[in-house]
Amino acid sequence: MATTITMPQLGESVTEGTVAQWLKKPGDAIEKYEPFVEISTDKVTAEVPSPVSGVLKEIIVKEGDTVPTGTAIAVIDEVGAAKPLDSPAGLGASNEPALNVPSTPAFGEQPTRPPHATPAPARPQSAPQPARPFVARPGSRNGGALNPPEVLRRVSPAVRRLARENNIDLTTVRGSGEQGRITANDVLAAAAQGPAAAMAAGIMAAPETRQPSAPIQPTGPVSPSAPLPPAATAPGRSTYDRPIPGTLVPLSQARKIIAQRMVESKHTAPHAWTMVEVDVTDLWNLRQREKDRFQREKGVALTLFPFFIHAVVQSLKAYPLMNARFIDEGIQVLKEINVGIAVAAGSNLMVPVIRHADNYSVAGLAVEAGKLIEKARSGKVGADDLTGGTFTVNNTGANGSVLSAPILNGGQAGIVTMEAVVKRPVVVDGDKIAIRSMLNVCLSLDHRVVDGAIASAFLVDLKKRLQAVPTAQF
Amino acid sequence: MALATAGTTTMNNVEAVRHTLYEALKADPKTLIMGEDVGARGNVFLITKGFLEEFGPERIIDTPLAEASIVGVAVGMAMEGLRPIAEIQFADFIYPAFNQIVGEAAKTRYRSNGDYTCPLVIRTPYGGGVRGALSHSVSIEALFYHVPGLKIVAPSFPADIKGLLNAAIDDPDPVMFLEHKKTYRLVKGEVPNGHYTIPIGKADVKVAGDALTVVSYGLYVHQAIEAAKQLAADGVSVEVIDLRSIRPMDKTTILESVRKTRKLLIIQEDNKFGGIGAEISAMVAEEAFFDLDAPIRRLAGPDVPAMGYAQTLEEEFMIPTSRMAATMREMVAF
Amino acid sequence: MAKAVESLAFERHGLSDEQLRWMLRNMHLQRTIDNRGFQLNRQGKIPFATGSEGHEGIHAGAALAFMRGKDVLVPYYRDAGLCIGVGMEPIDVLLGMFARGGERQGGRQFPSHFTHRAIGIMSFSSIIAAHCPHAAGAAYSMKYRKETGRAVLCCFGDGATSEGEWHESMNFSAVHNLPIVWLCENNEWAISTPREHQMAIKDVVQKAVGYGMRGSMCDGSDPIAVYQTVKDALDHARSGGGPTLVEAKCYRFLSHTTDDDDRTYRSREEVEKHRSLDPILRHERTLLDHGVITVQEIEALKKDVLREVNEITDRAEALPYPDPSQLYVNVYEGTHEPWR
């Protein structure tokens, strides 16, 4: 039986050895433990005793050559029956035949054990893994939108945060991790596609059981109305709510998106602007008369805003091109009238939408708008609330402004502001001067969709409606 | 030492130590080396071979066999203006010097409120995988990294060794310089010529990736890189950070990486309980909780006093690259 | 080999009257500051004090042999008088007692743990004999820089000579023939451990033989004898002759510290029996007998010492404690960013 002798490791941290001198030549008999070759390393030079008795069959490495430890250097033909191998001799090096020296495996190899040693109990982790391509595990196919409770319970901090920041409903995200776990990447992928990706951080999206609505209508924010008091922040940190001069205020996800959308809107649509002055004296008086009863009956405050929205909706019906959007193929005249209301919530800007606003009375609009504004400010607005708008109104007057030049929202053709009511001397009935409550209404328009003529006609129509006091119960 | 590219020299780790020490002794007459067998024998790994002949017995001191005073006398030298580099022959022998390292060197500046300082370097080879058994294989960083006033570095690439050893020698405070003995001849690399330092306290991203952060040092960082290569072949990119500096530790690099990959695996040769990985895990959990997409894991040595002399016992202790790769795959798939 | 030097006759060893009187003042200053420490502790003003009563002769004699601006002193915590003798401001002792800030101490260490690099007093910790290797290293640095005329004086008690680090330091200094004097202030007690339980030999100086080192012994209650012995050893070291182990025998009259009660381990008779070794009484008698000082001058000296001690007590007490922010400085050079 032929036994291959390999280069032993003579000393700690030694990785190679040089054959200094062969003490036997092929054909010579060798006794077990008899020195048959001299090996030198940079630490020691030593004679190596043979592990078996036999005849030197072949010299593989010449005198003077240096090879890594574990390299075959000679072959000995064993004489007599194969004996069980004894433990290695003196030098502390393993010179068992046909054995890679265990202390210096190339990284990645599993060192082999001496043949006579009791194999260690099987350890699945230490067994060399066959190389297999890495495949992301498919998430559990829940069959529907809902993830089972076990999956939702095992949501990691990163997933929770990313879902919150990107307004993703975790019940609808397909998990690609172990056992169907929702991974951070799953959330990010959902955010990149989802409709609600556009809007504010700081919205605590409660897990909803409804599917998010299909049409992707990116909504864009407009100039804020009625800003809230600044949110509490750690003292000393420069934030959007409490900016410190001379510092850099880091951008939240929401503000990043707001900035993006603003730029997108301005660069896409050629903005034009026009305005009308409206005499709301009678409307104001009506509101004064009705507000207490309204508050009692509906539990909601009555302002001019729902009257305004109601009039806008009527005007939009009369001028459908104002309820449209420009696309490459043409001007998409929208069927639904979904009016977005710009709301400022902390440092965030949101435009919750009253869908099918034409179905509501003034009272209904007051209640609905109130609900949405409250939701937005308390962080409870959901993805559905923010999508599908076709036209936007902004109560800039609540901030005290009398003139605004709003930025178009999410590709819509028009956005209209209701400015502050200001008592002014105006000319009435020919040449008389009276003090009237005046309200400016400003309109930014996408000049690709409408020209000044239609825009002004729309505004004049709106003005007429606001100046006509409703006689019917609202 | 072959010249590989203009401006660098190819060296292995032990050559890098030797070269750096040599240049330091030549450059500054205040530096000296003291320890057992560093003179005539030239150190048991031949690191200081020839130094005695060139620099003389006052600068290359063969000390008595007494670890406490190898460090203690060096402390006194450092307090009085010299720049001693004390060597403990094997990290396993360092325990008698614990008092002088932790009780004295680390506290000199603090207890004297800056009146005295202790610019001392303590070098020692550590680590296993060389059939060193119970007394020539231990890792000791966990015993010392707890101590304010000490600095500890453990580079395992030749270029890092030179830069950090130079920095340690220049440092005005006591620095423990840990050299993994298995990497002495195993690891080769390009080392820039000329004098340079690498700041103590800066980790190094050895492999950039985005699916998982792996933090390691010493011998295992090389295996981690190898394992990362295997995953890369399957299209998975793992980030491998070489800690290099145990104390101070580079919090910023670790956190930046974890915020990117959201998963952290620490691989340490030392036993798990109370090791370096425990501190890193706690810090990351504290500071990057909302960035974590998986539990932090530590791949570490078993909780036994040391690795045995028998091959089977040593292999059971040491972590093969295959196990590192398997763990990385598990975490990426999580 | 061990040499016993005793002042049988009045041998002033070249000391002038002024120097002899200086030693007496130093001894009184040390005793008075010590007493003040115990008084303040009993008053509840300071939590802790160590006393050196019995060591004054050693301190005064060694201080005079020490060369200011050249030698380095590596003391231990029962060396206040010696530190003052080599130039430390006496108020530093009080600053340590009151744990007030101050430039060098910063309220960090126990009382009597001094540091003063500018005048050559090396910082040390409370760990017995941990300073001995440092002293050897300091001596090595002198030899390394080929400085002649300089030496290290390292002081410790009898207990320290049992520590491994003391042994290693002695050995190292002998092997390398370092310019150092190892001064053992043998007061027969290591807290409650008497000399018989500390070592199997009678005199510490016998240990010198084992290291191949010079050794000499003197009566620590006689400052002149101490001066002569320590000077001889320092001169020998300064001229490159190598180390000497000097044993100065004295007695610790007080408890180890204010937290110790020596009545639990030794009798009053034993303590009183050693009163004859009181170095102050002994030196006063010597000076009086040989006309170097008068009784009135001694009284005036004591009054002046008391005045000085009162003044520095008041001054130290009036200083503020270190600001809490000071806890974080000087961990490393520069600012330190700990993980919080």
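Figure 1. R329(B) is buried, at 15% relative accessible area (buried is under 20%, exposed over 50%, partly exposed in between; 1.4 Å probe, protein chains only). The model is predicted: local features need pLDDT of at least 70 and side-chain atom pairs count only at pLDDT 80 or more, while totals for chains, interfaces and linings use all residues. Residues are numbered from 1 along each chain as its sequence is written, chains are lettered from A and ligands numbered from 1 in the order in which they are written, and side-chain values use heavy atoms, with hydrogens and water left out. R329(B) forms a salt bridge with D234(B), with 2.9 Å between the closest N and O atoms (a salt bridge is a side-chain nitrogen of Lys or Arg within 4 Å of a carboxyl oxygen of Asp or Glu). Because R329(B) sits in helix α13 (residues 321-333) and D234(B) in the loop between α9 (219-233) and β11 (238-242) of chain B, the pair ties together parts that are 95 residues apart in sequence. Helices (H or I, at least four residues) and strands (E, at least two) are DSSP runs, numbered from the N terminus.

**Figure 2. Salt bridges within chain C.** K249(C) and D203(C) meet through their side chains in a salt bridge, 2.9 Å from N to O. K249(C) belongs to strand β8 (residues 244-249) and D203(C) to the loop between α7 (195-198) and α8 (207-211), so parts that are 46 residues apart in sequence are tied together. K249(C) is partly exposed at 21% relative accessibility, whereas D203(C) is buried at 14%. A salt bridge also joins R315(C) to E311(C), again with closest N and O atoms 2.9 Å apart. Both of these residues lie in helix α12 (residues 295-318), four residues apart, about one turn of the helix. R315(C) is partly exposed at 44%, as is E311(C) at 36%.

**Figure 3. A salt-bridge network in chain B.** Salt bridges link D160(B), D204(B), K206(B), D242(B) and R244(B) in a network. Over all chains, the structure holds 58 salt bridges.

**Figure 4. The largest nonpolar core.** This core has 85 residues, and those with the most contacts inside it are I101(B), L120(B), I280(B), V284(B) and W182(C) (a nonpolar core is a set of buried Ala, Val, Leu, Ile, Met, Phe, Trp, Tyr and Cys residues joined through side-chain atoms within 4.5 Å). Domain 1 (11-192) and domain 2 (204-333) of chain B both contribute residues, so the core lies between them; domain bounds come from an automatic or database domain assignment. Apart from this core lies another, of 61 residues, including M27(C), I58(C), A60(C) and I121(C).

**Figure 5. The interface of chain C and chain B.** The contact takes 42 residues from chain C and 51 residues from chain B (contact means heavy atoms within 4.5 Å). About 3900 Å² is buried between the two chains, with carbon and sulfur atoms giving 56% of this area; buried area is the accessible area (1.4 Å probe) that two parts lose on being put together, summed over both. Zero salt bridges are found across this interface.

**Figure 6. C218(C) and its closest cysteine sulfur.** The sulfur of C218(C) is 9.7 Å from that of C250(C), too far for a bond. C218(C) is buried at 4% relative accessibility. The structure holds zero disulfides over all chains (a disulfide is a pair of cysteine sulfur atoms within 2.5 Å).
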